[in-house]
There are 2 protein chains.
Amino acid sequence: MGMQQGAKAGESKEITIYDIAREAGVSPATVSRVLSSSTNVRQEKKQRVLDLVDKYQFRPNALARGLADAKTRSIGMITADIRNPFYAEMLMSCELAAAEAGYVTYLCNAIKGKSQESMFLDRLKEQRVDVVIQIGGQVDEMVSDMTYVEKVNQIMKTIPVVTTGRLDGTKCRSVRIDAMKAMELLMEHLLSLGHRHIGLVGGKLSVLSTYEKLVQYRQMLTEAGIAYDPDIIMVDGAYTYSLEGGYEEMDQLLQKGKELTAVIAINDFTAAGVMHCLADHGIRVPEDISVVSYDNTYISEITFPGITSIDYNYEEFGRKVVTAAIEAAQGVEGELLQIVSPSLVVRKSSGPAPR
Amino acid sequence: MGMQQGAKAGESKEITIYDIAREAGVSPATVSRVLSSSTNVRQEKKQRVLDLVDKYQFRPNALARGLADAKTRSIGMITADIRNPFYAEMLMSCELAAAEAGYVTYLCNAIKGKSQESMFLDRLKEQRVDVVIQIGGQVDEMVSDMTYVEKVNQIMKTIPVVTTGRLDGTKCRSVRIDAMKAMELLMEHLLSLGHRHIGLVGGKLSVLSTYEKLVQYRQMLTEAGIAYDPDIIMVDGAYTYSLEGGYEEMDQLLQKGKELTAVIAINDFTAAGVMHCLADHGIRVPEDISVVSYDNTYISEITFPGITSIDYNYEEFGRKVVTAAIEAAQGVEGELLQIVSPSLVVRKSSGPAPR
DNA sequence: GTGAAAGCGCTAACAC
DNA sequence: GTGTTAGCGCTTTCAC
């Protein structure tokens with residue numbers, strides 16, 4: 001006994017607004033008023049309360065507060081895999097914006113997919129979060145999973161959900177990247193460098209953004225008068241979106257022996273894998289083949305050469321998502337769909353087409 | 001009007017255990033009992049309740065529950081910068097372990113340093129989290145900041161805090177990496193490859209683990225009969241621990257013109273910067289200089305060549321931290337300090353010393 | 001095994 | 001302005 005490792009046992013009875021009220025010679029309601037600065041309280045009393053709050057380092061109990069007014073000032077964030085720097089950036093900027101707005105955030109890493117996302121929704125509902133933000137996972141799918149949609153709709157009877165993707169059959173707001181525009185920027189860049197044999201590596205067509213990119217790719221080819229060659233499109237690989245996936249997919253692409261001067265990778269991980277593969281084959285980037293990708297995470301600065309990539313202005317992106325979320329939490333109607341515009345960051349991995 | 005964007009307005013009155021109780025023909029207390037499976041309830045009644053819970057997809061209000069029993073089954077996590085994959089890995093594994101144990105987690109990204117960490121502590125206290133886990137930030141410092149220590153001690157009157165570093169003057173538990181051992185593994189590896197001119201790049205000596213590594217480095221040199229040369233130790237740089245920092249520090253090191261066959265970088269970011277710098281100078285890795293580092297994040301797989309790095313077994317690390325946290329939350333006394341052992345992952349960035 | 005009832009610590013009418 | 005008083009939706013004695 002003796003030593004305490006923090007709290008418990010000694011557990012100095014938690015102080016409440018009643019204690020503060022008594023000592024300040026005011027009513028609990030008044031304490032509550034100064035704490036939430038809802039109504040005006042006479043300066044003198046206010047100061048007495050504030051002094052005591054400071055003296056005891058009093059912090060109002062958020063549980064009691066939430067129970068009483070049915071607002072928790074909390075946001076639940078469900079994300080796919082925080083280890084992917086794209087999600088890390090998003091979580092980061094969302095958390096930042098939320099904290100600024102006075103909201104706390106729950107972290108829910110659904111690495112195990114749909115069933116886990118569903119489970120997290122239940123737990124967030126138990127916590128009575130004011131709103132949930134879902135980044136990645138089910139909301140990235142082209143065709144929304146019926147079971148999940150049902151689940152979300154059930155949750156949305158009481159808690160609004162906003163996503164960075166979409167969920168057909170629900171009314172959740174979304175703030176989404178303009179994937180077509182992103183591909184357009186990449187293609188314009190490559191075409192202007194004289195590339196006419198541009199491969200696509202990575203991604204699943206069942207993912208909305210990947211699909212949209214492909215559509216735009218074909219569109220751009222057509223406009224440029226270049227024939228579409230399905231042989232240089234490597235999608236739906238087993239480990240796609242990852243380093244290994246990029247390597248493998250690129251390897252298979254090379255085996256086809258098609259002419260190729262540029263590769264568009266589905267994300268920075270994939271691009272890094274592609275570059276490893278090219279290096280192993282003695283192919284130089286960008287002299288022999290240019291490599292470009294999406295997300296502009298720090299991965300694109302770490303590789304050598306740095307990767308030309310599409311940036312989303314994560315800070316603004318996160319802010320928009322959180323703003324939409326808070327509006328939804330407050331019952332303010334707003335645009336169901338907002339689009340964030342990507343921009344191109346040119347690095348050394350892309351250069352003029354050979355010859 | 002009409003369309004709803006999620007909850008509000010339509011806001012079908014939240015269902016409670018009273019509703020369930022009435023419909024099941026039992027008392028609210030009984031519903032509570034089956035929900036928390038605290039006492040035995042006759043199978044028949046139990047089933048009736050469970051059926052209704054399912055029918056209405058009822059989720060007990062965690063606020064009310066927490067208010068009533070003074071346990072929130074939540075953990076507050078304060079971290080330095082989630083974009084750093086080391087922290088992402090840690091957060092991830094902690095969150096996973098917490099979820100398995102039935103705890104929800106709060107995400108607090110204190111990128112703005114001490115004052116923000118302090119602010120988050122207050123907010124977590126308001127939420128009455130059962131325990132807070134602090135990963136990085138103030139707890140990494142060699143000499144603990146007095147003000148912060150005071151703050152933590154004040155919080156610890158009611159909420160235990162566990163860290164992955166240390167905080168002198170507090171009684172918080174910690175689960176820490178054996179930094180000395182980590183350096184030992186790296187040095188053994190390099191020495192066995194014949195290196196005798198080993199530089200250190202990156203880190204601040206005010207950071208505990210960095211300091212410990214330096215101590216161990218000197219120790220190993222002494223044992224190997226190699227003179228310690230402060231000229232090949234590049235620490236306390238302005239942007240250290242980052243890609244740019246690594247580049248700059250390596251650049252300065254090269255300018256000294258000292259003989260050098262290997263470099264130990266303080267983390268994977270730094271190592272990547274070092275490799276960029278070496279590449280720019282036409283120095284080959286590992287033929288001319290070997291590069292090794294700490295953390296074994298995926299960065300060490302992305303660079304070319306891959307980086308020999310120190311791994312911490314994040315899953316186990318996270319599990320230990322969370323276990324300690326939950327014990328602390330339950331008032332179970334346990335070891336104040338636990339050490340996690342690092343291991344060496346060899347990749348292509350390290351090879352025999354030249355000549 | 002089960003119900004009644006008293007809180008848990010706030011907020012929000014409602015009076016004054 | 002400010003105090004009084006109900007709740008908010010649970011858990012938990014305490015009886016039976």
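Me: Where is the place of Asp54(B)?

Reply: This is a predicted model. In it, Asp54(B) sits in helix 3 of chain B, which covers residues 43-56.

Me: Is Asp54(B) buried or exposed?

Reply: The general idea is to count other C-beta atoms within 10 Å; a residue with 12 or fewer is exposed. Asp54(B) has 9, so it is exposed.

Me: Into which domains is chain A divided?

Reply: There are domain 1 (4-66), domain 2 (74-177 + 314-341) and domain 3 (179-312). Between the C-alpha centres of domain 1 and domain 2 of chain A the distance is 34 Å.

Me: How should I read a helix, and which residues are buried in helix 8 of chain A?

Reply: In an α-helix there are 3.6 residues a turn, so residues three or four places apart point the same way. In helix 8 of chain A, the buried residues are Ala179(A), Ala182(A), Met183(A), Leu185(A), Leu186(A), Met187(A) and Leu190(A).

Me: How far does helix 8 of chain A reach, and what follows it?

Reply: Helix 8 runs over residues 179-192, which makes 14 residues. From first C-alpha to last it reaches 20 Å, close to the 20 Å expected at 1.5 Å a residue. After the helix comes Gly194(A), with a positive phi near 90°.

Me: How are chain A and chain B related?

Reply: In general, two copies of a chain are related by a rotation about an axis and a shift along it. Here a rotation of 180° with 0.0 Å of shift along the axis places chain A on chain B, with an RMSD of 0.1 Å. The two copies are therefore related as by a two-fold rotation axis.

Me: How many residues does each chain give to the contact, and which helix has the largest share on the side of chain A?

Reply: Chain A gives 64 residues and chain B gives 64 residues. On the side of chain A that touches chain B, helix 5 has the largest share, seven residues. That side divides into 31 nonpolar, 16 polar and 17 charged residues. Of the interface residues of chain A, 100% are also interface residues in chain B, so the copies meet through the same surface.

Me: Which residues are closest to DNA strand D, and which to DNA strand C?

Reply: DNA strand D is surrounded by 28 residues, the closest being Ala29(A), Arg42(A), Ser32(B), Ala64(B) and Ala68(B). Helix 2 (28-36) and helix 4 (62-69) of chain A, with helix 2 (28-36) and helix 4 (62-69) of chain B, each give two or more residues to that surface. By class it has 14 nonpolar, nine polar and five charged residues.

DNA strand C also has 28 residues around it, and the closest are Ser32(A), Ala64(A), Ala68(A), Ser27(B) and Arg42(B). Two or more residues each come from helix 2 and helix 4 of chain A and from helix 2 and helix 4 of chain B. The surface near DNA strand C has 14 nonpolar, nine polar and five charged residues.

Methods:
Residues are numbered from 1 along each chain as its sequence is written. Chains are lettered from A and ligands numbered from 1 in the order in which they are written. This is a predicted model: local features need pLDDT of at least 70, side-chain atom pairs count only at pLDDT 80 or more; totals for chains, interfaces and linings use all residues. Domain bounds come from an automatic or database domain assignment. Helices (H or I, at least four residues) and strands (E, at least two) are DSSP runs, numbered from the N terminus. The expected span of a helix is 1.5 Å times one less than its number of residues. A residue is buried if 20 or more other C-beta atoms lie within 10 Å of its own, exposed if 12 or fewer, and partly exposed in between; C-beta atoms are placed from the backbone. A residue is near a molecule or strand if its C-beta atom, placed from the backbone, lies within 6 Å of it. Ala, Val, Leu, Ile, Met, Phe, Trp, Tyr, Cys and Pro count as nonpolar, Asp, Glu, Lys and Arg as charged, and the others, Gly among them, as polar. Two residues are in contact if their C-beta atoms, placed from the backbone, lie within 7 Å. Copies are superposed by least squares on the C-alpha atoms of residues with pLDDT of at least 70 in both.
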